[in-house]
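Dear colleague,

Please find the structure below. My notes on selected parts of it follow.

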Amino acid sequence: MKSWILSLLLICISCTWRTQAEFFTSIGQMTDLIYAEKDLVQSLKEYIQAEESKLSKIKSWAEKMDALTMKSVSDPEGYLAHPVNAYKLVKRLNTDWLELENLVLQDSTSGFIANLTVQRQFFPTEEDETGAAKALMRLQDTYRLDPETMSKGKLPGTKYRSSLTVDDCYGMGKTAYNEGDYYHTVLWMQQALKQHDEGEDATITKAEILDYLSYAVFQFGDLHRAVELTRRLISLDSAHERAGNNLRYFEKLLEKERVAKLLNKTSAVTESAVQGGVYERPADYLPERDTYEALCRGEGVKMTPRRQKRLFCRYHDGNRNPHLLIAPFKEEDEWDSPHIVRYYDVLSDEEIEKIKELAKPKLARATVRDPKTGVLTVANYRVSKSSWLEEHDDPVVARVNHRMQHITGLTVKTAELLQVANYGMGGQYEPHFDFSRKDEPDAFKRLGTGNRVATFLNYMSDVEAGGATVFPDFGAAIWPQKGTAVFWYNLFRSGEGDYRTRHAACPVLVGCKWVSNKWFHERGNEFLRPCGSTEVD
């Protein structure tokens, strides 16, 4: 009977947790891990209490036996002359010591181990740990935080202070190394070594840190420092075979370099090695990386006084929409061209909580549409979880959909479902277009509703630090504000894509970011937003 109940329980838990793979991609779902860990701690405390109770009984028995045997061994024959003593000795050795043996062998771990076994199948995986480490590195790069700042947990807007140990820093460096990322390997192994040198307790040895650090430095072409670090490693562990081989190889390369210098044939790579253990971050696949990250930090925003004068706030009634005449929305210009507006008090706190409640069980790793096939797929440049809500899920979804229709003057009949997204550790969506370009004509073919004409983005939470929506092309940064929404057109009236609307969701540095959005499509809006007289109207 018990095994049947346990099996049923596991099936129920599996159904509840089925969407919770890749914990690092959603802070909202990571909260479940907090409660799971709390449950394990309670189970561990119960185990400790049971062990202490058992040990107390054993200790009491030992003390009683110690006192008794001290008396009996001092005069064995005299002690056994008393028939009761003789009887009790026989009884003790035949019965009481057997009971003690059973007590000692009593397994009080079963409850804790059973709980741990059940919980373990829902623990974060190696992929989660790697994803979490890479998220910290992404925050480090985007917001220009040095490893010391990250290690000490000195982040803006944080309610709780948390620091990284030597072992944690080593783990970060090792993750980077396994990913072939020698830039972050150097940064984090240097931080681990620094904290180790300062006397911090660690299970990792300096030799282990130096092993990774020396090779990562070599990968940057800094032979002199690679030799220096390897020699230090050998001084700590003279039997380290790989270090000895590496040192001989590095010294041979240094000798070749010295000879090349004498012949005036110094390689450009050697000359470019940065001094002081600081190395340049390698370029990657994103051409506007520097601009994008600068905007995320609030730098490079091209809001000039002249442009500021063209921005206004007003009450918006949706072109005298009957639903908005009595209660118009507050509308504020965020940018003039392309025109981006923010609406205030679009969602109430109650509506936000209901939408989050509906979305949480459905959250799955956010996907992007493959431009060639139109099929949704997971991408590393989008770190969040999302779900899609239909109007029949709850009246609040229908109410919010109709509200967006009234505000924009566009129909929701051909729009996509309401998408709800929750960003995880360092959650982001790198620069992208919402509309399909000419080289990807089949992106929305399956929907049969044409291209994405406009984007309506609801902010469902405040974010303590980071998490801005930025537009690298024209240098705009829009910061999340709970209950507000921003709106822009992705297409000109001609149907041509407005390439200026390439935008990104910056990594969340501190906080939990929730958004929902509605993508309006061309079909059904031909007369609601008619063509202009030119291609770029």
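**Helix H6**

In H6, the buried residues are Asp 128, Thr 130, Gly 131, Ala 132, Ala 133, Ala 135, Met 137, Arg 138, Leu 139, Gln 140, Asp 141 and Thr 142; buried means under 20% relative accessible area (1.4 Å probe, protein chains only). Helices are DSSP runs of H or I with at least four residues, strands are E runs of at least two, and both are numbered from the N terminus.

This is a predicted model, in which local features need pLDDT of at least 70 and side-chain atom pairs count only at pLDDT 80 or more, while totals for chains, interfaces and linings use all residues. Residues are numbered from 1 along each chain as its sequence is written, and side-chain values use heavy atoms, leaving out hydrogens and water.

H6 covers residues 126–142, and 12 of its 17 residues are buried. At its start, a side-chain oxygen of Thr 125 comes to within 3.2 Å of the backbone nitrogen of Glu 127. After H6 comes Arg 144, with a positive phi near 50°.

**Glu 416**

Glu 416 is found in the loop between helix H17 (395–408) and strand E8 (418–432). Why does Glu 416 count as buried? The reason is that its relative accessibility is 8%. Leaving aside residues up to four places away in sequence, Glu 416 touches Trp 388, Phe 444, Leu 447, Arg 452, Lys 518, Trp 519 and His 521, where contact means heavy atoms within 4.5 Å. The side chains of Glu 416 and Arg 452 are joined at 2.7 Å by a polar contact (a pair of N or O atoms within 3.5 Å; within protein, one must be able to donate a hydrogen and the other to accept it, and residues adjacent in sequence count only if both atoms are side-chain atoms).

Yours sincerely

Terms used:
Expected span 1.5 Å × (residues − 1). Buried < 20%, exposed > 50% of the residue type's maximum accessible area, 1.4 Å probe, protein only.
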